[in-house]
Amino acid sequence: MVDSSAIERRNVLRAIGGVGALTIGTGTVSAGGSSGNDSTRVADLVPAPVEARSTGSGYTITDETAIHAGDQAATGVAEYLAEFLRTPTGYDLPIVTEPPRGPGGRISLLLDGATDEVGNQGYRLQVNPSGVKIRANAPAGLFAGVQTLRQLLPAQVEADAEQSADWTVPGVQIRDYPRFEYRGAHLDVSRHFFDVKTVKQYIDYLAQYKVNHLHLHLTDDQGWRIEIDSWPNLTDEGADSEVGGGPGGYYTKEEYTELVEYAQDRFITVVPEIDMPGHTGAALESYAELNCDGEKREEDTGTNVGDTSLCIDKEITYEFVDDVVREVAELTPGPYIHIGGDEAHSISDEEYNYFMDRAVSIVQKHGKRPMGWHQILGPDPPTETVAQYWYPGREAPEVVEAAQEGHEIITSPASRAYLDMKYDEDTELGLDWAGLTPVKEAYDWDPGSFIEDVDESSIMGPETALWAETLETLEDIEFMLFPRFPAVAELGWSPDSRTDDWDEFKGRLAAQSVRWDVQDVNFYESPQVPWP
């Protein structure tokens, strides 16, 4: 469902071209799609960097500019940057391994001189008339610096066709690194299936705002979305449905690997979720023997939760779990496998604990670190197990106890980080069981202290969640994602001292919309934000 007002707004912007400049937040943006003047672009960065200082004249990218990869390990980031810039600028931007000589200057990606302070994900960026230097300790840091460079350029850099623009990067020195090492975004592809192209676009949005984990919810009652060779009926029978009775779909192993590699190229780790023992209707539809009564479950196209479960007492259940986890682990280079664990209402606590003890050990056997929704803490799993907190409120005694025992926690409170919640009561898409989540609510919380009595040292980082009961297209995803997703992304990256002023943030957020217009993003024009 595409929001018609957003499309109309984009058409108006295209029609008026470059006429006029409007004041918002910390600076100006052009109605034609240029994100303000040089100094304004420094002030409008999202996420906000640790430190940014304007230094005078900047550097203009020209047809003589080269991209200097100062180390072999920097080449992949250099290739990403060159590919990104070549289309809108029309320049060749050759990649060189030695600093180029001559008048054209360069963009240098250097794996030295960044200092230990920035870690493996941070960077230092310096711009002067002779060029751009991004220094980092690891390629991931260079990539983060490239995303900042992207925002320092005019908004036309986001275009998918050659543009006429002044490609000047403002003179600046930036020192930057993330508050949390883990910054995640979840996507439900089970309630409605999204194809490879759509998920790749989702990954690109994550990279744009320095999020480094993609949590893919691959299985649920309504559909099984990943090919498993040892249990072929999961996709032969369990993938051809979705909420409302649509066609469904699934990823072949080759397609899943393509997504993993696409994410890796953007320094994003894929976290696959195979939900169990509840939320397993598609598996129970595919194999009679996974049901306690030996009968296949009927196809599920509704939205009820909590009424399905694998049969806890059958040994074949654990053979199934072992096979699925093994095959998914073989395809997934990242360290985590998420095994769900929430809303298993149709079994007893004793049955749940027995199942989870075995499931967690299976994940560990296959060399992965177990993750689950925070109910997974009930059986007292090994401290290696990561719990994802999702309740709307702040009180969670079981999570407090687990954190004190050494468990790490991901914060995804449904009242702040569930981006499938409606913006207001009139929002056409989304749900409201956790309340309404306007943009300010998505920004006005602290991932490090949201759960009462849990110390920030136990928090891995925040993760947004996007459930797809009401979402069917990329445009639907974008509408719920923007502008709330950049808000939570900033909470994960920027120091807490930079995220305590909503009035300051909403100006920077508004400036991002000029880029979204160029990208053709179907974003929600929240009345809380002073859009240009």
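Is Arg175 buried or exposed? In this predicted model, Arg175 is buried, since its relative accessible area is 17% and the cut-off for that label is under 20%.

Arg175 still has a charged partner. Its salt bridge is with Glu117, and the closest N and O atoms of the two are 2.5 Å apart. Glu117 is partly exposed, with a relative accessible area of 42%.

Now move on to Arg179, which meets the side chain of Asp446 in a salt bridge, at 2.9 Å from N to O. Arg179 lies in the loop between β9 and β10 (184–188) and Asp446 in the loop between α12 (439–443) and β19 (459–464), so this pair ties together parts that are 267 residues apart in sequence. Asp446 counts as partly exposed, at 25% relative accessibility.

For a pair within one helix, turn to α9 (residues 315–331). Arg326 and Glu330 are four residues apart there, which means about one helical turn separates them. They form a salt bridge too, with 4.0 Å between the closest N and O atoms. Arg326 is partly exposed at 26% relative accessible area, whereas Glu330 is exposed at 57%.

Why do such pairs turn up? Side chains of opposite charge can pair when their charged atoms come close. Some join up into a network: salt bridges link Asp188, Arg191, Asp220 and Glu469.

Methods:
Residues are numbered from 1 along each chain as its sequence is written. This is a predicted model: local features need pLDDT of at least 70, side-chain atom pairs count only at pLDDT 80 or more; totals for chains, interfaces and linings use all residues. Side-chain values use heavy atoms; hydrogens and water are left out. Buried means under 20% relative accessible area, exposed over 50%, partly exposed in between (1.4 Å probe, protein chains only). Helices (H or I, at least four residues) and strands (E, at least two) are DSSP runs, numbered from the N terminus.
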